[in-house]
Amino acid sequence: MINTPIIHDRHIVKGFFENMKSNNTLKNSFKKPDNLTVLTAKNKGKHDRMIPSLEGYDEYTIFEQNLDYLGIHDYVVLSKEMDPSQWKCSHKINWVLDYLNSEKPNTELILCCDAIDVIFTDDLQKVIDIFESFKCDLLFMSTKDNSGYHFMPDVQQFVNKTHPNRYLNAGVWIGRVEFVKEFLTEASKFVGPNDVTFDEYREWLKKPNPNYPCGGYDQDIFRFLEPKFYPRVKVDHENKMAYRS
């Protein structure tokens with residue numbers, strides 16, 4: 001049974017959301033808390049990560065459709081037109097940072113989620129309550145995937161002590177806007193024009209990368225920075241905030 005307020009799992013979100021709609025469950029049940037900005041970043045048009053379990057939620061993503069269904073319409077979508085095969089996860093770092101620096105959202109908190117495979121199943125206030133319980137300034141969900149840690153054994157050692165067997169996942173995170181600016185400014189130093197696309201990533205992980213996390217995903221960069229910013233940055237290693245199998 002899933003009892004988290006967010007689900008981030010590409011293999012089950014479609015079925016879960018369509019079951020919600022078919023039963024008319026939670027339709028127009030919630031509103032966005034006034035102190036929270038909800039944001040996603042994506043390329044316009046089609047996405048190269050679409051798999052059969054996500055079909056039907058392409059340009060108008062499941063994240064957007066789910067929020068609209070729940071009655072939450074005041075969210076932010078950052079997007080640019082590009083060839084979907086050229087989408088790079090590292091884009092999100094500068095896009096979100098530019099938004100925070102230029103738009104100056106008048107909220108204390110920001111919740112950032114992947115567009116193609118994240119849905120909400122409960123009141124967003126529960127996400128805030130979970131975040132506040134961790135007594136930090138930026139909270140990431142976690143995953144079993146440990147890609148990239150072989151490039152940074154010192155970080156792996158830190159993770160083994162603080163949240164073993166669960167690793168930072170960049171698909172869902174919530175933080176205090178002023179601190180997020182600081183964190184993303186540091187992360188942006190590792191973003192470059194030659195960062196890998198989805199098609200390149202798995203092969204990239206097999207090659208020597210002496211400048212790691214340069215060239216990788218936003219998740220690689222965030223994992224690299226976690227020890228530097230701990231305990232202001234924490235990982236929800238029990239995934240109280242967001243479900244992921």
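The model is a predicted one, and the angles and distances below are computed from it. Six strands build an open sheet with mixed pairing, and helices H6 and H8 both pack on strands that include E6, E7 and E8. Let's take the topics one by one.

**The sheet**

- Reading across the open sheet, the strand order is E3-E2-E4-E7-E6-E8, and the pairing is mixed.
- As background, strands in a sheet pair through backbone hydrogen bonds, in either a parallel or an antiparallel way.
- E6 and E7 (residues 167-176) are an antiparallel pair with six bridges.
- To find your place in this pair, look for Leu138, which stands opposite Gly175 in E7.

**Helices on the sheet**

- Helix H6 (residues 177-187) lies across E4 (109-113), E6, E7 and E8.
- The direction of H6 makes an angle of about 135° with E7.
- H8 also packs on the sheet, where it touches E6, E7 and E8.
- Relative to E7, the direction of H8 is at about 65°.

**H5 against H8**

- Packed helices are described by two values, the angle between their axes and the distance between those axes.
- The crossing of H5 past H8 is left-handed.
- From H5, the residues in the contact are Val155, Phe158 and Val159; from H8, they are Arg223, Phe224, Glu226 and Pro227.
- Sorted by class, this contact holds five nonpolar and two charged residues, with no polar ones.

**H1 against H2**

- H1 passes H2 in a crossing that is left-handed.
- H1 brings Val13, Lys14, Phe17, Met20 and Lys21 to the contact, and H2 brings Ile62, Gln65, Asn66, Tyr69 and Leu70.
- By class, six of these residues are nonpolar, two are polar and two are charged.
- Gln65, found in helix H2, is worth a look: its relative accessibility is 16%, so Gln65 counts as buried.
- Beyond residues up to four places away in sequence, Gln65 touches Phe17, Lys21, Gly56, Tyr57 and Tyr60.

**Backbone spots to check**

- Most peptide bonds are trans, and most residues other than glycine have a negative phi.
- The peptide bond from Tyr212 to Pro213 is cis, with omega near 15°.
- Pro213 sits in the loop between H7 (198-206) and H8 (218-229).
- Another cis peptide bond, with omega about 10°, joins Tyr230 and Pro231.
- Pro231 belongs to the loop between H8 and E8 (233-235).
- Leu26 is not a glycine, yet it has a positive phi of about 65°.
- The loop that holds Leu26 runs between H1 (13-22) and E2 (36-44), and Leu26 counts as partly exposed because its relative accessibility is 26%.
- Lys135 also has a positive phi, about 50°, without being a glycine.
- Lys135 is in the loop between H4 (124-133) and E6 (138-143), and with 69% relative accessibility Lys135 counts as exposed.

**Gly216 in its loop**

- Gly216 is part of the loop between H7 and H8.
- With a relative accessibility of 1%, Gly216 counts as buried.
- Setting aside neighbours within four places in sequence, Gly216 is in contact with Ser90, Asp195, Val196 and Trp204.
- Gly216 and Phe190 are 26 residues apart in sequence, and their C-alpha atoms are 8.6 Å apart in space.

Methods. Residues numbered from 1 in each chain as written. Predicted model: local features only at pLDDT ≥ 70, side-chain atom pairs only at ≥ 80, totals over all residues. Heavy atoms only, no water. Helix = DSSP H or I, 4+ residues; strand = E, 2+ residues; numbered from the N terminus. Buried < 20%, exposed > 50% of the residue type's maximum accessible area, 1.4 Å probe, protein only. Contact = heavy atoms within 4.5 Å. Pairing = 2+ DSSP bridges. Axes fitted to C-alpha atoms, helices over the stretch in contact; angles between N-to-C directions. Left-handed = near helix turned anticlockwise from the far one by under 90°. Nonpolar A, V, L, I, M, F, W, Y, C, P; charged D, E, K, R; others polar.
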